[in-house]
Amino acid sequence: MSEQQTIGTRIRTLREQAQMDQAVLAEAVGTARTHLTNIERGRAKPGRDLMLAIARYFDVSVDWLANGTGERCLVDPMTPKEALLLQAFRELPEHEADLHLQLIMSRSTAGKNS
């Protein structure tokens, strides 16, 4: 199996485990769905910036994504709802994002423990 196919297979596996379609992931990491399709099928190789964006998005190491070595997931993969929430949060003006974050933290276990 070539390196391109290995990278594409890992990306597809992460995306499918998150129950996410290609269009959602492509938009979240800033690429075209067709480019993501070509990567997953081994027809194209992600560039450095796209590789970093995908690794950050799924919270996996770049080494694992690129060649299958090292730790895979640092935390549980994002659900589709979490991905949408993160995307919406990133699009808010900073002052609104702060207000929403305070509300969420006040109602969550994580916020009550800090």
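Relative accessible area, computed with a 1.4 Å probe on protein chains only, classes a residue as buried under 20%, exposed over 50% and partly exposed in between. The structure is a predicted model, in which local features need pLDDT of at least 70, side-chain atom pairs count only at pLDDT 80 or more, and totals for chains, interfaces and linings use all residues. Residues are numbered from 1 along each chain as its sequence is written, and side-chain values use heavy atoms, with hydrogens and water left out.

Most residues other than glycine have a negative phi. Gln19, in the loop between helix H1 (3-17) and H2, has a positive phi near 55°. Its relative accessibility is 68%, so Gln19 counts as exposed. Asp59, in the loop between H4 and helix H5 (62-67), likewise has a positive phi, of about 55°. With a relative accessible area of 27%, Asp59 is partly exposed. Helices are DSSP runs (H or I, at least four residues), numbered from the N terminus.

The axes of H2 (residues 22-29) and H4 (residues 48-58) come within 9 Å and cross at roughly 110°; axes are lines fitted to C-alpha atoms over the stretch in contact, with angles from 0 to 180 degrees between N-to-C directions. The two helices are therefore roughly perpendicular, a class spanning 65 to 115 degrees. At the contact (heavy atoms within 4.5 Å), Leu25, Ala28 and Val29 of H2 meet Leu50, Ala53, Ile54, Tyr57 and Phe58 of H4. The residues of this contact comprise eight nonpolar, no polar and no charged, where Ala, Val, Leu, Ile, Met, Phe, Trp, Tyr, Cys and Pro count as nonpolar, Asp, Glu, Lys and Arg as charged, and the others, Gly among them, as polar.

Definitions and conventions: Angles under 35 degrees count as roughly parallel, over 145 as roughly antiparallel, 65 to 115 as roughly perpendicular and the rest as oblique.
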